[in-house]
Amino acid sequence: MTATSSTARQAVPANTGLLSFPRALHDAQPHLAAGALLSLLALVPVLIALSIDTRTVNDIDVWIKPAKFLVSFVVYLGTLAWVFGQLPRAVQESRSGRAIIRIALGACLLESLWLIGAAVAGVPAHFNRISLFWSAAYSAAGVVAVTMLAMILWQGLLVARQPRGAIAPALKAAIVLGAVIAFAATLVTAGYLSSGTGHWVGGTRSDAAGLSLLGWSRDGGDLRVAHFLALHAQQALPLLGVLLVALRRPQATTAVWLGAAVYVALIAFTFVQALSDAPFLPWLG
Amino acid sequence: MSHEQLFSLAGSAAMAGWLLLALVPPRFGWPQGAATGIALLIASLYAALIGVYWTRGEGGFGSLADVARLFESRGLLLAGWVHYLAFDLLVGVWIRGEAARIGLPHAWVVPCLLLTFLFGPVGWLVFMALRLFRLRTSPVAA
């Protein structure tokens, strides 16, 4: 693009500073961005409750689980918003786009109600079969979770269908691969996980001595590691794509495919590792 | 944090809100926003306390005796107090904003704020009386 006049003012980017990323998400897709913000704000009462409550589930505070999931909803909704921002406006305004937005928001709300409800009641959420109500809630939550995954895949398909040139090829590949891997790998890892009675394989059946924040077992296998990696392919692959595009690497698309293959191998490795009773990075605190 | 610490913290936060509402000259509107922000935090504390103690409380809202039983739980008693703090502050926010809207001088607003701070609904009733008088005697206020 050539300058029209030597006196033309250089456009100053309006979005700089700490608030530029949240503002960019809002500009990309306001509903999902607002949902991400609300998930973040919901952490305030949850973290206060965490500091007060002495009740535990699996030997850790009952409020840790809702807190962890709220953080992941911020990331999930934020990523969906960001991806819409990479596409023409018409995509999020289409029937499919609006459905993805509504379903994703509704699903996060339902999961949050279930997790917070279980914490209020002082009972486990996952694997809870103590009563018909909690059993049914756990099953329903599984359906809702699969729906959340399906929204990632659906959005990925919308990206894949974009005409050439609408979005940088490496970024397109990264988003689509991230969506497909997140969907497929999470179905496998979480599906297997939920078919059992807990996330431990061997080792102590308690989260008390687990990895900081995540609670992963330090003395035995923990199926949540692979589940975590699978789920966050939604972020990891696009992040790789953004980096490669920003660094203007040649063969960026090839690098993305390579990265995807490595990531899948990592998921498979941590999955098998857990199944063999072995902890993930046991030397980590 | 202990219940006493939370009690003090919430009380101090509310107090800060009341001072802003009362002492900042009425031509500035930001104290409403600040006090609302404080109320949001106090309300979050309330929500957390309910989340923590609700299922452990005995009694309910069906009778006065039931309510007394409910408040035998120190955690729920703290929640009840924090409920007062949050909502009384929000009434104070409304009073200050409404007074500005109808042109009631701040000199009349401050005692209302004080009464709301100390005696909740009484402060609000006094303000509503002043407001009625103002609306019926001044053609300017709508």
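**Entry 1: helix α5 of chain A**

I looked up the buried residues of α5(A) and found A:G97, A:I100, A:I101, A:A104, A:A107, A:C108, A:E111, A:S112, A:W114, A:L115, A:A118 and A:A119. Buried means under 20% relative accessible area, exposed over 50%, and partly exposed in between, with a 1.4 Å probe and protein chains only. Helices are DSSP runs of H or I with at least four residues, numbered from the N terminus.

This is a predicted model: local features need pLDDT of at least 70, side-chain atom pairs count only at pLDDT 80 or more, and totals for chains, interfaces and linings use all residues. Residues are numbered from 1 along each chain as its sequence is written, chains are lettered from A and ligands numbered from 1 in the order in which they are written, and side-chain values use heavy atoms, with hydrogens and water left out.

Next I checked the span. The expected span is 1.5 Å times one less than the number of residues.

What do the buried residues of α5(A) pack against? I found α2 (30-52), α3 (64-85), α4 and α6 of chain A. Contact means heavy atoms within 4.5 Å. After the helix comes A:G122, with a positive phi near 75°.

**Entry 2: the nonpolar core**

The largest nonpolar core holds 110 residues. Among those with the most contacts inside it are A:W114, A:Y76 and B:L49. Its largest share, 13 residues, comes from α7(A). Such a core is a set of buried Ala, Val, Leu, Ile, Met, Phe, Trp, Tyr and Cys residues joined through side-chain atoms within 4.5 Å.

I followed up A:W114. Leaving aside neighbours within four places in sequence, A:W114 contacts A:A125, A:H126, A:W134, A:A137, A:Y138 and A:A141.

**Entry 3: helix α5 of chain B**

This helix has 14 residues (106-119) and should span 20 Å at 1.5 Å a residue; I read 19 Å between its end C-alpha atoms, which agrees. Its buried residues are B:H106, B:V109, B:C112, B:L113 and B:T116.

The face turned away carries exposed B:A107, B:L114, B:L118 and B:F119. Cover for the buried residues includes α1 (3-23), α4 and α6 of chain B. B:G120 follows the helix, with a positive phi near 45°.

**Entry 4: salt bridges**

How many salt bridges are there over all chains? I count eight. The criterion is a side-chain nitrogen of Lys or Arg within 4 Å of a carboxyl oxygen of Asp or Glu.

B:E98 bridges to B:R101 at 2.9 Å, N to O. Both lie in helix α4 (residues 74-102) of chain B, three residues apart, about one turn. B:E98 is buried, at 7% relative accessibility. B:E98 also bridges to B:R131 at 2.8 Å. B:R131 lies in helix α6 (residues 121-137) of chain B, so this pair ties together parts that are 33 residues apart in sequence.

A:E93 and A:R89 form another bridge, with closest N and O atoms 3.9 Å apart. A:E93 is partly exposed at 48%, and A:R89 is partly exposed at 42%. I also noted a salt-bridge network linking A:D53, A:R55 and B:R56.

Conventions. Helix = DSSP H or I, 4+ residues; strand = E, 2+ residues; numbered from the N terminus.
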